[in-house]
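Open the model in your viewer and keep the sequence panel beside it. The tour below goes stop by stop.

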Amino acid sequence: MESVLPDVLRAQPAQNLCIVDTERSLTYGELEKQSRLFSVRLAKEGIEKKERVGLYLANGWRYVVAFYGILRLGAIPVPIDMRLTSREAGFIISNSGCRALVFTGDAPAFLDRVNPVRFNVPALE
């Protein structure tokens, strides 16, 4: 599972800053812990290796944690640009075979037309 993470991340001292965001900063150790916890959450929801998981998140620390959490599980992250129209984003979700969608806030409008497992992640800390 962990062999998916780039060696450069694991090689860094855990206390060194990895992500600096306007909302929050994370060290390499915190990224490792948060991504591990997120991968466990995905697994508990039934997401398995090689399944696709959509990422409908703004660039920032939550995106990085979710991205690496998906990789740790052996699943495939599918980035979805938040600037796409609802129709375009719904098309990507439907046609990429996403089993789940990670988002924050209210559910995106296009979820009415697709049916992945939903992960609202504002609680990621």
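**Stop 1: Leu-26 and its neighbours**

Select Leu-26 and show what surrounds it: leaving aside residues up to four places away in sequence, Leu-26 touches Leu-17, Cys-18, Ile-19, Trp-61 and Val-65. Keep in mind that this is a predicted model. Leu-26 sits in strand S2, residues 25-27. Is Leu-26 buried or exposed? Its relative accessible area is 0%, under the 20% cut-off, so Leu-26 is buried.

**Stop 2: helices H2 and H3**

Next, select residues 28-44, helix H2, and residues 61-73, helix H3. Two packed helices are described by the angle between their axes and the distance between the axes. Here the axes come within 7 Å and cross at roughly 60 degrees. The crossing of H2 and H3 is right-handed.

Now show side chains on both helices. Which residues of H2 meet H3? On the H2 side, pick Leu-31, Glu-32, Gln-34, Ser-35, Arg-36, Phe-38, Ser-39, Leu-42 and Ala-43. On the H3 side, pick Val-64, Val-65, Ala-66, Tyr-68, Gly-69, Ile-70, Arg-72 and Leu-73. Colour this H2-H3 contact by class: 10 residues are nonpolar, 4 polar and 3 charged. Val-65 links back to the first stop, as one of the residues that Leu-26 touches.

**Stop 3: Lys-50**

Move to the loop between H2 and strand S3 (52-56), and select Lys-50 there. Check its backbone. Most residues other than glycine have a negative phi. Phi of Lys-50 is near 70 degrees, a positive value in a residue other than glycine. Lys-50 is exposed, with a relative accessible area of 68%.

**Stop 4: the whole protein**

Zoom out and colour by secondary structure. How many helices and strands does the protein have? There are 4 helices and 6 strands. Followed along the sequence, they give the pattern α-β-β-α-β-α-β-α-β-β. Of the 125 residues in the protein, 40% are buried. Among contacts between residues at least 6 apart in sequence, 59% join residues at least 24 apart.

How values were computed: Residues numbered from 1 in each chain as written. Predicted model: local features only at pLDDT ≥ 70, side-chain atom pairs only at ≥ 80, totals over all residues. Heavy atoms only, no water. Axes fitted to C-alpha atoms, helices over the stretch in contact; angles between N-to-C directions. Helix = DSSP H or I, 4+ residues; strand = E, 2+ residues; numbered from the N terminus. Left-handed = near helix turned anticlockwise from the far one by under 90°. Contact = heavy atoms within 4.5 Å. Nonpolar A, V, L, I, M, F, W, Y, C, P; charged D, E, K, R; others polar. Buried < 20%, exposed > 50% of the residue type's maximum accessible area, 1.4 Å probe, protein only.
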